[in-house]
Amino acid sequence: MNSSIPSDQTSRENIQAPFAARIIRENEPENLEFPFSSLNSAITPTEQFFIRSHFPVPKISPETYRLKVDGHIERPLEISYDDLLKMPSTRVTMTLECAGNSRIFLSPKVSGLQWELGAVSNAEWVGVSLSEVLNRVGVKPGTVDIILEGADSGEIKKEPNSPGKITYARSIPLAKAFEKEVILAYQMNGEPLPAAHGFPLRAIVPGWYGMASVKWVNRISVSSVPFRGYWQTLDYTYWETRNGLPIELLPVSEIEVKAEIARPGLHEVLPANSVYRMHGAAWTGESEIAKVEVSTDGGKIWSATQLLGASAKYAWRLWEFHWRTPAEPGRYTVMARATDARGRTQPMVRDAHRGGYVITHVQPILVEVRKVQGSASSESYNI
Ligand SMILES: Nc1nc2c(c(=O)[nH]1)N[C@H]1C(S)=C(S)[C@@H](COP(=O)(O)O)O[C@H]1N2
Ligand SMILES: [Mo]
């Protein structure tokens with residue numbers, strides 16, 4: 001596809017300023033959350049897109065930058081930034097969710113950044129298909145993993161400790177690496193990648209949690225043996241269970257179906273007997289959103305919401321529901337749950353085998369309905 005033609009979904013006029021600021025979860029390195037209650041466009045403005053970095057942002061000059069490809073291949077290769085820009089480009093709109101998103105809702109509390117609803121954002125990415133690069137170097141038979149390595153590095157000094165100074169590296173299996181939508185992106189929402197999001201080049205692995213989308217990629221290593229690096233053995237893992245028995249610790253990979261409510265927010269005060277616009281976003285892994293339902297009575301009755309815009313695989317879908325709030329003031333619990341085209345639905349309870357990751361069980365949002373003085377009972381809110 002040609003990268004100079006903007007698609008409808010991302011025309012920048014649709015993005016409204018001024019923006020609500022991102023929420024600081026960690027200052028050094030900078031880890032920032034998208035203020036999810038301010039969701040008002042399918043594309044997250046770059047200025048609001050969440051940031052998750054384990055190490056300080058590396059400074060890379062586009063003049064001296066090289067992408068090196070080595071390992072189990074026919075022809076080792078080095079590509080400059082300029083040469084990458086000249087290769088055929090692919091555009092993909094993709095929702096990036098950190099596997100630790102919503103961690104703050106876990107009880108008992110687990111370690112890690114205490115993300116609320118906003119370690120997830122959606123952007124349009126342009127870059128070179130990873131398959132394009134792999135075809136140039138000639139992947140040898142017997143390849144199992146494609147290792148993506150970033151230029152950032154450091155030592156993890158709290159449990160689980162790293163073996164000294166390490167880089168950020170993750171692998172994806174050969175079949176996934178050859179999917180056209182898996183790209184090495186140099187553009188985000190029509191601009192060169194910002195430093196914090198991986199300038200000059202980052203992987204975009206649609207359908208997988210954020211940890212696979214390696215930023216500041218400067219080396220691709222093709223491997224004939226499974227890669228078992230720090231970021232997929234000691235961190236970013238979950239227990240696979242069979243017959244109630246945890247049998248294997250596996251790397252976190254594919255995104256699970258999930259809906260989040262932007263408004264109302266937790267403990268929001270809503271006017272009684274009024275029409276209130278509940279809204280949010282829903283996304284899934286290797287499928288599409290089929291429906292989003294809401295409950296306003298604590299989970300007894302579920303009603304279908306309106307899905308907005310067009311469905312695009314790998315991008316979240318916005319949804320809305322006009323709720324006639326109760327006439328009776330008091331506390332009410334609202335919830336949203338998504339189902340994808342494969343019939344997968346969010347669980348109501350947390351599966352402990354997922355540890356501190358893949359947090360998709362339905363979240364109850366407590367709101368308060370009050371009589372508002374001087375307002376007509378049929379007024380509409382948040383529309
Ligand atoms: N090199 C490198 N790539 C990385 C990371 C990192 O710390 N270093 N963090 C990963 C994680 S855990 C997530 S969720 C996404 C976040 O991407 P963003 O900062 O652009 O939102 O980047 C991934 N890629
Ligand atoms: Mo993440």
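**Salt bridges, cores and a strand**

Mentor: Arginine 25 counts as partly exposed, at 27% relative accessibility. Keep in mind throughout that this is a predicted model.

Trainee: Which residue does arginine 25 meet in a salt bridge?

Mentor: Its partner is glutamate 33, with 2.7 Å from N to O between the side chains.

Trainee: And glutamate 33, buried or exposed?

Mentor: Glutamate 33 is buried, with a relative accessible area of 2%.

Trainee: Why would such side chains pair in general?

Mentor: Side chains of opposite charge can pair when their charged atoms come close.

Trainee: How many salt bridges does the count come to?

Mentor: The count is 17 salt bridges. Another of them links arginine 263 and glutamate 268, at 2.8 Å from N to O. Arginine 263 is partly exposed at 26% relative accessibility, while glutamate 268 has a relative accessible area of 16% and is buried. The cut-off for buried is under 20%.

Trainee: What about arginine 370, which partner does that side chain meet?

Mentor: Glutamate 368, in a salt bridge of 3.1 Å, N to O. Arginine 370 is partly exposed at 42% relative accessibility, and glutamate 368 is partly exposed at 26%.

Trainee: Which residues do salt bridges with shared partners join into one network?

Mentor: Asp70, Glu149 and Arg219 are joined that way.

Trainee: Switching to the nonpolar side. In the largest core, which residues touch the most other members?

Mentor: That core has 74 residues, and the ones touching the most other members are Leu67, Trp125, Leu130, Ile172 and Ile220.

Trainee: Where does that core lie relative to the domains?

Mentor: It lies between domain 1 (23–251) and domain 2 (258–381), because both give residues to it.

Trainee: Take leucine 67, then. What does it touch?

Mentor: Leaving out residues up to four places away in sequence, leucine 67 touches Leu77, Glu78, Ile79, Leu84, Leu184, Leu201, Val217, Asn218, Arg219 and Ile220. Two of those names have come up already: Arg219 belongs to the salt-bridge network, and Ile220 is among the residues with the most contacts to other core members.

Trainee: And the second core, how many residues does it have?

Mentor: It has 22 residues and is separate, with Val257, Ile261, Ile289 and Val292 among its members.

Trainee: New topic, strand 17. How many of its residues are buried?

Mentor: Nine of the nine, across residues 275–283, so strand 17 is largely enclosed by the rest of the structure.

Trainee: Which residues sit on each side?

Mentor: One side has Val275, Arg277, His279, Ala281 and Trp283, and the other has Tyr276, Met278, Gly280 and Ala282. They are all buried, so both faces are covered.

Trainee: Which strands does strand 17 pair with, and in what sense?

Mentor: Strand 15 (residues 258–263) pairs with strand 17 in the antiparallel sense over five bridges. Strand 21 (residues 317–324) also pairs with strand 17 in the antiparallel sense, over eight bridges.

Trainee: What stands opposite what there?

Mentor: Glutamate 260 is opposite alanine 281 of strand 17, and alanine 282 is opposite arginine 317 in strand 21.

Trainee: Last one. Where is serine 80 found?

Mentor: Serine 80 is in strand 4 (residues 77–80). Serine 80 counts as buried at 15% relative accessibility. Beyond residues up to four places away in sequence, serine 80 touches Tyr65 and Arg66.

Conventions. Residues are numbered from 1 along each chain as its sequence is written. Chains are lettered from A and ligands numbered from 1 in the order in which they are written. This is a predicted model: local features need pLDDT of at least 70, side-chain atom pairs count only at pLDDT 80 or more; totals for chains, interfaces and linings use all residues. Side-chain values use heavy atoms; hydrogens and water are left out. A nonpolar core is a set of buried Ala, Val, Leu, Ile, Met, Phe, Trp, Tyr and Cys residues joined through side-chain atoms within 4.5 Å. Buried means under 20% relative accessible area, exposed over 50%, partly exposed in between (1.4 Å probe, protein chains only). Domain bounds come from an automatic or database domain assignment. Contact means heavy atoms within 4.5 Å. A salt bridge is a side-chain nitrogen of Lys or Arg within 4 Å of a carboxyl oxygen of Asp or Glu. Helices (H or I, at least four residues) and strands (E, at least two) are DSSP runs, numbered from the N terminus. Two strands pair if DSSP finds at least two bridges between them.
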